[in-house]
Amino acid sequence: KGTTRLGVASVTLGITFALVIGGGMPASGQSDGGSRGVRAAAIQQLRRDAVGTVTVRIDRGTEYVGFARVAKGGDLFPGTRSATPQGKARGFFARYANLFGIQDATAELRQVSSVKDAYGFTHVTYEQRYRGLPVFGGLIRAHLDRGSRLTAVNGTFTPNVDLDVTPLLSAGQAGQRAIAEVRANPPVTDENADAASPAA
């Protein structure tokens with residue numbers, strides 16, 4: 001009932017979970033303000049709290065925010081200059097979880113990297129997790145400038161995941177199937193390409 005279903009796809013020891021996609025977006029690319037997707041009030045709150053003009057784009061697949069940035073010199077999460085880039089990013093996602101369809105940022109986001117580039121900007125990347133498993137394509141990033149101002153966030157978070165992630169195979173069974181598949185269909189390399197190809 002009005003719930004966007006984008007699923008978990010995680011390949012672990014040959015076990016693949018299904019990716020389910022559903023729902024749609026109005027032609028304008030903006031949320032209809034109903035039960036699906038981010039509500040206009042949540043975006044307005046971000047704009048009131050931020051320093052500077054905020055631009056927001058809605059992801060047509062999830063109907064939640066996929067990109068937000070503030071004009072030069074602004075800050076999407078002011079008042080936290082003393083925090084580390086990682087702490088500030090984490091605080092932002094906790095405060096504005098409803099913009100991205102996040103229910104519990106602590107449980108659903110796991111930091112996978114924090115990189116400072118040649119210009120002194122820091123890029124903090126989080127991986128979406130569901131019941132301990134990574135969500136396929138679920139990456140969201142926070143970008144901070146040299147002054148620890150949060151200038152932009154972007155990425156994809158799959159909301160409303162509801163799947164059974166109980167493995168159908170044991171680790172040993174999955175390994176046996178993987179080995180059997182490779183033996184039945186060995187990979188083709190430059191060295192064995194001619195041998196694998198039928199004679200002309």
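**Entry 1: Aspartate 49**

I started with aspartate 49, which is partly exposed, with a relative accessible area of 27%. I kept in mind that this is a predicted model.

Next I looked for the salt-bridge partner of aspartate 49. I found arginine 95: the two side chains meet in a salt bridge, at 3.3 Å from N to O. Where do the two residues lie? I placed aspartate 49 in helix 1 (residues 40–49) and arginine 95 in helix 2 (residues 85–95). The pair therefore ties together parts that are 46 residues apart in sequence.

I also looked up the accessibility of arginine 95. Arginine 95 counts as partly exposed, at 42%.

**Entry 2: Other salt bridges**

How many salt bridges does the structure hold? I noted five.

I took aspartate 145 next. Aspartate 145 forms a salt bridge with arginine 149, and their closest N and O atoms are 2.8 Å apart. Is aspartate 145 buried or exposed? I read a relative accessible area of 10% for aspartate 145, so this residue is buried. Arginine 149 is partly exposed, at 23%.

I then noted a network. Salt bridges with shared partners join Arg110, Glu127 and Arg129. Glutamate 127 has a relative accessible area of 16%. The cut-off for buried is under 20%, so I wrote glutamate 127 down as buried.

**Entry 3: Strands 3 and 4**

I moved on to the strands. Strand 3 covers residues 54–58, and strand 4 covers residues 65–70. Do they run parallel or antiparallel? I found them antiparallel, joined by five bridges.

I picked out one bridge by residue. Valine 56 has alanine 68 in strand 4 as its bridge partner.

What do strand 3 and strand 4 form together? They form a hairpin, with six residues between the strands.

Which strand did I check next against strand 4? I checked strand 8, residues 150–155. Strand 4 and strand 8 pair over three bridges, in the antiparallel sense.

I went back to alanine 68. Which residue of strand 8 stands opposite alanine 68? I found valine 153 there.

Technical notes:
Residues are numbered from 1 along each chain as its sequence is written. This is a predicted model: local features need pLDDT of at least 70, side-chain atom pairs count only at pLDDT 80 or more; totals for chains, interfaces and linings use all residues. Side-chain values use heavy atoms; hydrogens and water are left out. Two strands pair if DSSP finds at least two bridges between them. Helices (H or I, at least four residues) and strands (E, at least two) are DSSP runs, numbered from the N terminus. A salt bridge is a side-chain nitrogen of Lys or Arg within 4 Å of a carboxyl oxygen of Asp or Glu. Buried means under 20% relative accessible area, exposed over 50%, partly exposed in between (1.4 Å probe, protein chains only).
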